[in-house]
Amino acid sequence: MATASGARKAPGGAERPERPVGIDELLERVRAGYRRVEAREAHETVRTGGALLVDIRYAALRERDGVIPGALVIERNELEWRLDPQGSHRVPEATGHDLRVVVFCNEGYASSLAAASLHQLGLHRATDLVGGFQAWRAEGLPVAPARP
């Protein structure tokens with residue numbers, strides 16, 4: 001059933017758009033909602049204590065490629081629970097909605113969706129790393145072997 005806005009009602013009464021949005025368009029939309037950061041800028045911001053760097057890659061990628069020293073590891077499926085300042089399962093670093101968070105994945109795609117999700121939780125300064133871990137490493141920035 002169509003609504004006045006042209007959207008259709010989904011089960012449960014929520015509106016859904018007429019045309020499904022593909023992942024490329026979705027990425028474009030969410031990335032337009034915040035300013036992404038390049039590897040060198042992220043490094044400097046984190047080095048000076050201006051942001052929390054969060055690695056959302058899964059364990060096999062960290063074991064294969066290494067880790068960024070000082071980055072907080074929170075796998076993607078736990079991210080919102082760990083960084084929600086109001087959540088009962090938050091990490092100690094989740095001090096408030098004003099926290100500057102730079103999320104990174106392997107190549108900078110999943111982290112864009114993750115940053116958008118953090119915005120929905122009120123973490124309005126969340127962003128992601130353009131090119132992800134691979135861009136960081138390509139810039140020659142610090143990388144360490146993952147601990148077993």
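## E41 and its partner

E41 is partly exposed, at a relative accessible area of 31% (buried means under 20%, exposed over 50%, partly exposed in between, with a 1.4 Å probe and protein chains only). Its side chain forms a salt bridge with R35, and the closest N and O atoms are 2.6 Å apart. Salt bridge here means a side-chain nitrogen of Lys or Arg within 4 Å of a carboxyl oxygen of Asp or Glu.

A quick word on the ground rules: this is a predicted model, where local features need pLDDT of at least 70 and side-chain atom pairs count only at pLDDT 80 or more, while totals for chains, interfaces and linings use all residues. Residues are numbered from 1 along each chain as its sequence is written, and side-chain values use heavy atoms, with hydrogens and water left out.

How many salt bridges does the structure hold? The count is 12. One of them links E80 and R76, at 2.8 Å from N to O. In that pair E80 is buried, with a relative accessible area of 15%, whereas R76 is partly exposed at 29%. Elsewhere, shared partners tie R19, E25 and R29 into one salt-bridge network.

Inside that trio, the side chains of E25 and R19 meet at 3.0 Å, N to O. E25 is partly exposed with a relative accessible area of 26%, and R19 is partly exposed too, at 47%.

## Rings and charge

Which residue has its charged end over the ring of F133? That's R57, sitting 4.0 Å from the ring centre. To qualify, NZ of Lys or CZ of Arg has to be within 6 Å of the ring centre and within 35 degrees of the ring normal.

## A nonpolar patch

V21, I23 and L26 make up a nonpolar surface patch, with about 220 Å² of accessible area together. Patches take residues with over 30% relative accessible area and no salt bridge, joining like charges within 9 Å and nonpolar side chains (Val, Leu, Ile, Met, Phe, Trp, Tyr) within 5 Å; the areas come from the Shrake-Rupley method with a 1.4 Å probe, and for residues only the protein chains shown count as cover.

L26 lies in helix α1, residues 23-31, and is partly exposed at 34% relative accessible area. Helices (H or I, at least four residues) and strands (E, at least two) are DSSP runs, numbered from the N terminus.

## The loop at T95

T95 falls in the loop between α4 (79-83) and β5 (101-104). With 65% relative accessibility, T95 counts as exposed. T95 and L83 are 12 residues apart in sequence, and their C-alpha atoms are 8.5 Å apart in space.
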